[in-house]
Amino acid sequence: MSLRATSDQWWKNGLIYCLDVETFLDWNGDGMGDLSGLSERIDYLAGLGVTTMWLMPFYPTPDRDDGYDVTDFYRVDDRLGTLGEFVEVVRTAHDRGIRVIIDLVVNHTSDKHPWFQSARADRESPFRDWYVWSDEPVDDPALTETFPGEQGGVWTYDESAGQYYLHRFYPHQPDLNIANPAVREEIARILGFWMALGVSGFRVDAVPFLLELEGITGAPAIDPHRYLKELRAFVQRRRGDAILLGEVNLPPKQQREFFGDEDGDELHLVFNFSLMQRIYLALARRDARIVEDALAALPAVPFDSQWANFLRNHDELTLDQLSDSERQEVFDAFGPDPEMQVYGRGLRRRLPSMFGGDQRRLRMAYSLMFSLPGVPVLFYGEEIGMGENLAEKARAAVRTPMQWSDEPGSGFSTADPSRFPARLPDGEYGPLAVNAAAQRRDPDSLLNWFERLIRRRKELPTIGFGEWRVIPTEPRAVFAHRCDWDGSTVVAVHNFSPEPSRVHVPLQGDEDVVGLDDLLGRERVQLDRPEFELTLEGYGYRWLLVRRRGQRLPP
C-alpha cells in the first residue's frame, strides 16, 4: 500500500460522524447541549470507531434555522460554551485519534449580523457591497427558492436600505456577495482562524449557491470554480492535510465539476446525493439494478478526491433528483402520510421508522452504504436506531436530542424537557425503547453491530482506496460488487428482497482464487474455480475476502 494513500488521505478509510452540539449532551443542566457535554462523550465516539467528527454550526445565532443563521463566524454561541472549551474538544478528540471538521456557512449570514446591519443602514457603508442588492429585481428563473412554499421568493425589500436584498434561503439569511474580493478575503480569514485552533477541515454548506453569480448586478466575468480552487489551495497551504467536504446536490456530471481538474484541485469530498436517492428507489422497488445504474452514472473522480456516502443527514431526505412518479413510489413506501413529507420533495423521517422497525432491512441498508466506494457518513443517533418526532416542524423532526439512556430526559439533560432544543420521540422509538446505555449491554444490539461493521470497514483499505466494479448477477433483487486494491479483493453481496435468494457470483480474471472468508461472519469457503454460489436470506448481505494462492491475509 502506498505511503501517500495511508497518510495524506486519512479521510478515505474512516468514518465521518455528524452531530449538533446543542442536541448531543447537556453538561451544565440548562436544557441545551454544550461543548463540555461533547467532551464527555468523545470516548463513546472513539469506541464506536469514529475517525472524523463533523460539528454542525455552533456559532452565535438567533437560531431561526438551527444555527445556520450566523451572527459571528469567530465565536462560539454562549449557550454552547466558549472558545476555550472548543479547543478542549479538539484536543480531546485528537488524543483519541479523531479529527474535527466544522460547518462553513458563508453563502449567507443572519440578518442580525453586524455586517448586514451596517449594510442596510447606510449605502456608503463598507459592508454595503458585501450583500446583493437591487432596486427592482428582475424575474430570473435561475434564482429558485431553496424551501418552496416557505420563503416568499428570493428577494425581500428592506425599508432601511431602500432596496431589495437577495436570499436563496430564508429572508432572515441575506446572501453574501461572493463576487466582492473583500468577502472572499474574509472567508479565507475565517478558515485560517479555525484551522489555527486545530480544525482539520470544513463541511462547506450549499456550495453551488456559494459560487453562484446570478442576481449580482455587474458581477465579473470569472469562472466561479476558480475561487473554489483558490479556497482549496489556501486550506492546504495553512494545513496540508485539511479537507473540504462539499454539499453539492446536483446530477453526477455537474457534481464532477466540483472536484476540479483531473488531479483534483477543488473539493476533496462531495456528498453523493445522486446515489443516495437512487438507493431509496431501489429499496422501495426491491430492485438492485437501480443501484447498478446509479453507480454506472457516477463519473470517475481524481485520486485525491472521493464521494461521501450517506443514507440520512440533518436535513430532509431529499428526493429532488427523482422523477415525480419515482418520488411518489418512495413516498408510498416510506412516508405515505403528508406530515412525513416536506417541501414536496423529501421525507422528514429516520430509517428505523421508515423500515417499520425491520432490523434485517436496516442492517442490510447500512452494510450496503459502508461497502460502496466512498467515505461513509453517519448522523448522530443512527448507530442506535433513533426515530424522528413528527410533532417538530419540518427538518427539526430528525434533530431531536441524543438518546443516551432510559433516565428522565433520555440522559441528555437533567433540565425540564420543555427547555430542550427539540422534543424527544416517544413510543417504540423513544428513549425508553431506544438508548445507547441499554444497547451497549446487548451484544446483539444495533450499536454493537455498528461497532463491528465499522471496525471491519476500517480494516479494509481495499474498500476505501480500491477500484470497484459491479458483478453481474441474478435475480434483480441482488446487488454484487467488488473492490480491488494492492492485490486484495473484497466482494460484497446484498439482497434487497425480504425473500431468500440464490445467487451465482463469477470472479472473472481471478484464476488463482482458492477460497473466501466471510468478513462479517465465521464462514470460510474453499474454491476450485473463480466463481461461487451462495444463498442470501431475506435482506441478507455478505462481505467476502477473496483468498488467493500464496497470499497472506489479515486475521
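**Strand pairing and helix packing in the predicted model**

Asp158 has Gln163 in β6 as its bridge partner. This is a predicted model, in which local features need pLDDT of at least 70 and side-chain atom pairs count only at pLDDT 80 or more, while totals for chains, interfaces and linings use all residues. Residues are numbered from 1 along each chain as its sequence is written, and side-chain values use heavy atoms, with hydrogens and water left out.

Elsewhere, 3 strands make up an open antiparallel sheet in the order β11-β13-β12. β11 (317-318) and β12 (341-342) are at the edges with a single partner strand each, so one side of each has no neighbour in the sheet. β12 pairs with β13 (residues 346-347) over 2 bridges, in the antiparallel sense, and here Val342 sits opposite Gly346.

On the helical side, α11 (residues 289-297) has Arg289, Ile290, Val291, Glu292, Ala294 and Leu295 buried, that is, under 20% relative accessible area with a 1.4 Å probe, protein chains only. These buried residues pack against α10 (273-285), β15 (467-470) and β16 (478-485), contact meaning heavy atoms within 4.5 Å.

α10 and α11 pack at about 165°, their axes 8 Å apart; axes are lines fitted to C-alpha atoms over the stretch in contact, with angles from 0 to 180 degrees between N-to-C directions. The two helices are therefore roughly antiparallel (over 145 degrees; roughly parallel is under 35). Leu275, Arg278, Ile279, Leu281, Ala282 and Arg285 of α10 meet Ile290, Val291, Ala294 and Leu295 of α11.

A second pair, α14 (residues 359-371) and α16 (residues 446-458), packs at about 20° with axes 11 Å apart, which makes α14 roughly parallel to α16. The α14 side of the contact consists of Gln359, Leu362, Arg363, Tyr366, Ser367 and Phe370, and the α16 side of Leu446, Trp449, Phe450, Leu453, Ile454 and Arg457.

Key: Two strands pair if DSSP finds at least two bridges between them. Helices (H or I, at least four residues) and strands (E, at least two) are DSSP runs, numbered from the N terminus. Angles under 35 degrees count as roughly parallel, over 145 as roughly antiparallel, 65 to 115 as roughly perpendicular and the rest as oblique. Buried means under 20% relative accessible area, exposed over 50%, partly exposed in between (1.4 Å probe, protein chains only).
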